[in-house]
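Subject: Structure handover

Hi,

Here is the structure I promised to pass on to you. Please open it first, and then read my notes below alongside it.

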Amino acid sequence: MKFRVLLVAAALAAGAALTACSSSSSSSTTPLATAPVSAPATSSTGTSAASSTGTSAGASTGASPTGSPLTIADVAPFSGPDAALGPTYLASCYGATAAINAAGGVLGHPLTCKSVDTRGDPADAVPAVNQMFASTSGLALVIGCTSDEAASVAPVINAHKMAMFCMTGQSEFDSVHFPYFYRLVPPDLEESYAMVAIAQQLHYTKIALAFGNDIGSQTFIQPAIAALKKAGMTLTTNQTLDLHATTFRTEAEAIVQSHPDAIMTEALGAADPTLFQEIMQLNGGKIIPIIGTSAAISPDFFKSAAQAVGAATLAANFHADNLVTETSGPAYAAFSAALLAQQGKVPGATGNFTTYLSAPGGVHLYDGINLAALAMIKSGSTDPSVYSPDIIAIGNGTPGATVCYSFASCASDLKANQAIRYEGPGGPTNFDSFHDSTGIFQIDTYSASGAVNVAGNLSAAQLRALSG
Amino acid sequence: MTLFLASVGFGLVTASVLAIAAIGFTLQFGVTDVLNLAYGAVMIAGAFLAYVLNQAGLNVWLGLVVAVIVCSVGSVLLNAGVYAPFQRRGASPITMVIVSLGMTLIIEFGVQAIAGGTSVSYTMTQGPSVTADGLVLSTVQLVVIGLSLLVMAGTHVLLRYTRLGKAMRATAANKSLARNCGIRTARVIAITWAVTGGLCGLAGVVFAMDAGSFDATSTDLFLVLILAATFLGGPGQAYGAMLGAVVIGLATEVSAAYITPSYKYVFPFVALLVMLGVRPAGLLGERA
């Protein structure tokens with residue numbers, strides 16, 4: 001009898017563990033709570049201000065803001081296989097809000113950042129977001145919402161009439177209109193084309209695919225296969241990597257035996273580093289060239305992959321697509337100063353901090369926060385239902401608008417009642433009717449120290465040639 | 001054929017890591033009556049301890065020894081501080097499972113809070129590879145297989161030829177009767193926690209070596225494989241765990257070679273369910 005009870009208990013526990021494994025990035029069965037982090041706000045008087053109004057005249061004085069703090073929530077994975085994404089966005093949030101607060105804040109309010117861990121899983125993300133709305137005072141903007149959870153949380157956030165800048169390339173957002181949804185990154189299918197274009201540029205003809213089994217990674221596969229076919233390349237094998245598995249030896253062997261010129265991959269967490277190491281072992285100590293997505297441009301990815309195969313080997317064999325971002329000029333100067341001032345202060349940010357200067361989330365969410373903050377000033381309100389339309393106006397500009405490159409200078413122009421067009425380190429913004437604004441791609445590589453180098457650019461014509 | 005041989009080789013490595021873990025897990029369960037689901041969390045804690053020492057400049061094999069010792073002591077303390085008090089109060093087996101699940105979260109998130117969410121790797125060389133047709137195994141993998149064989153042989157000697165082993169088997173079979181026969185069951189249980197805790201630490205480090213890159217949640221799925229190997233062989237049966245580990249390890253890798261790799265864990269579990277339907281007590285029957 002006792003044995004039977006224990007057998008049932010074990011089965012229940014195994015089931016619970018398996019469910020946790022398959023539906024969550026970590027083993028926890030508890031819904032994830034929102035986790036406040038130390039905020040870079042300079043003051044926090046007052047109690048709550050979910051929304052407030054004011055005049056643009058008082059927008060940005062350069063004096064320390066004394067109003068109640070406004071919160072920017074970083075809704076992203078902070079644990080599980082995609083745990084590197086959350087800290088990347090948080091670094092951007094810390095940098096942007098510190099610069100904004102130093103310039104007087106928004107309508108007298110300082111900005112703070114808050115992390116909301118989705119664990120990269122919709123099942124954890126929705127309760128986490130609901131809890132965020134229930135427990136966060138002064139919530140003014142949401143950033144993050146990656147492909148892991150965007151499909152489930154974007155409608156929830158939109159229903160709460162909260163503006164969001166999402167880091168998702170999912171194609172469903174290309175044609176579904178959410179009034180509060182904004183995106184400064186391209187659809188995944190364009191990134192798939194960019195990866196194939198890199199392969200073309202490097203004269204590879206035989207390609208193996210190895211993508212994680214998460215939503216965010218799986219969306220790359222079909223467009224990549226179609227683009228490979230259009231480019232006349234050979235798909236040698238298509239391996240799906242279970243992000244919870246601990247080894248991929250058989251998958252690595254299948255890749256090695258298919259003799260590809262290069263591997264296109266996105267499998268974050270421990271998966272890609274493990275795969276690379278096993279491919280090296282099974283390929284006589286040689287790594288097969290790798291083409292990654294822009295998500296691989298992060299210090300955490302470099303650190304893990306470099307530990308697995310060696311920094312020099314990774315640097316010599318790795319390329320990734322990335323959106324073109326500024327590397328000089330006034331926008332970059334303001335951005336790099338703001339971000340690098342946060343070095344050592346961002347929870348969870350490890351590795352070479354300068355990589356964040358090229359990380360898509362680091363650059364584009366910095367721009368998103370500035371756009372939202374400036375829209376608040378322009379509209380004189382911190383209520384997203386009021387300021388949201390001004391994000392478009394400031395991003396796309398209007399005829400005769402003054403181009404400005406940092407929050408401080410743009411806020412100053414607004415104070416002088418000038419029409420502005422914000423152009424940040426992510427380059428010019430052009431929102432379409434679905435609030436999508438995408439740029440053009442570049443090819444990034446790593447140096448052995450983890451610094452990101454631009455190895456070339458991809459033209460729009462190159463991508464068009466691979467599409468549909 | 002080449003891919004088949006390769007997958008068999010990989011399956012043997014997976015089975016070796018799994019066997020070390022499953023032997024410790026099933027012995028622990030058989031003797032102590034605690035289905036310790038925190039076993040995977042203790043494994044990863046041991047793996048991270050070896051990582052910290054490795055990053056401080058210590059050879060990873062020395063780190064392994066330290067992890068074995070610390071996990072052994074830690075497991076004894078885990079029992080003394082958490083499980084034993086609940087058992088003394090007559091907690092049901094289901095309650096103990098819930099308690100161990102709680103400990104899993106506490107330990108795992110504790111490790112994550114300290115180590116962070118990113119994956120890490122040991123600084124070590126895999127050594128030259130041995131190749132035979134499709135079979136490619138690194139020196140480290142061969143050492144892992146050797147360690148596993150050593151653990152299996154050691155367990156056999158312990159259980160069959162030592163007084164402690166006999167006392168463990170007697171305690172596992174019937175605690176009250178063993179106590180009435182003069183066996184100090186409390187001491188046997190404490191030693192079992194120490195021995196199986198050491199095996200847990202060993203399993204954690206070889207698991208991390210084998211995985212190449214690991215994070216605080218890496219053993220989540222592996223714990224399910226441990227449970228599968230344990231129940232396939234028969235819970236509480238050390239030899240059953242060895243057999244179960246080989247079956248699960250080989251089935252996982254061979255199925256990955258011929259079925260889509262995303263379903264490589266499905267096939268072994270289908271086999272497990274079928275087997276449990278036929279023999280609910282596992283391949284090697286009732287507990288010893």
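Predicted model: local features only at pLDDT ≥ 70, side-chain atom pairs only at ≥ 80, totals over all residues.

**Chain A and its domains**

On that assignment, chain A is divided into domain 1 (34-187 + 361-385) and domain 2 (188-325 + 437-466). The centres of domain 1 and domain 2 of chain A, taken over C-alpha atoms, are separated by 30 Å. Across the boundary, 19 residues of domain 1 of chain A are in contact with 19 residues of domain 2 of chain A. On the domain 1 side, the touching residues divide into eight nonpolar, eight polar and three charged.

As for the chain as a whole, I counted 16 helices and 15 strands in chain A. Of the 468 residues in chain A, 60% are buried. Take the contacts in chain A between residues at least 6 apart in sequence: 75% of these join residues at least 24 apart.

Seven of its seven residues are buried, so β3(A) is largely enclosed by the rest of the structure. A:L111, A:C113, A:S115 and A:D117 point one way from the strand, while A:T112, A:K114 and A:V116 point the other way. Note that the buried residues here include A:D117 and A:K114. Strand β2 (residues 70-76) of chain A runs parallel to β3(A), and seven bridges join the two. Within this pairing, A:V75 stands opposite A:V116 in β3(A).

What are the senses in which β11(A) pairs with β10 (residues 290-292) and with β14 (residues 441-446) of chain A? With β10(A) the pairing is parallel, over three bridges, and A:I291 has A:H319 as its bridge partner in β11(A). With β14(A) the pairing is antiparallel, over four bridges, and there A:A320 is partnered by A:D444.

In soluble globular proteins, nonpolar side chains tend to be buried together. In this model, the largest nonpolar core has 237 residues, and those with the most contacts inside it are A:M164, A:L374, B:L18 and B:I226. Helix α1 (residues 2-32) of chain B gives the largest share of this core, 16 residues. From chain A, the core draws at least three residues from each of domain 1 and domain 2.

**Where the chains meet**

50 residues of chain A are in contact with 49 residues of chain B. On the chain A side, the elements that give two or more residues are α1 (2-23), β8 (234-241), α8 (249-257), α9 (271-282) and α10 (299-309). The largest share comes from α1(A), with 13 residues. By class, this side of chain A has 21 nonpolar, 21 polar and eight charged residues.

A:H259 has a positive phi of about 50° although it is not a glycine; A:H259 is found in the loop between α8 and β9 (262-266) of chain A. With 13 other C-beta atoms within 10 Å, A:H259 is partly exposed. A:N417 is not a glycine either, and has a positive phi of about 60°. A:N417 is found in the loop between α15 (407-415) and β13 (420-422) of chain A. Is A:N417 buried or exposed? A:N417 counts as exposed, because it has 8 C-beta neighbours inside 10 Å, and the cut-off for exposed is 12 or fewer.

Best wishes

Methods:
Residues numbered from 1 in each chain as written. Chains lettered and ligands numbered in written order. Contact = placed C-beta atoms within 7 Å. Nonpolar A, V, L, I, M, F, W, Y, C, P; charged D, E, K, R; others polar. Buried ≥ 20, exposed ≤ 12 C-beta atoms within 10 Å, placed from the backbone. Pairing = 2+ DSSP bridges. Core = buried A, V, L, I, M, F, W, Y, C linked by C-beta atoms within 7 Å. Domains from an automatic or database assignment.
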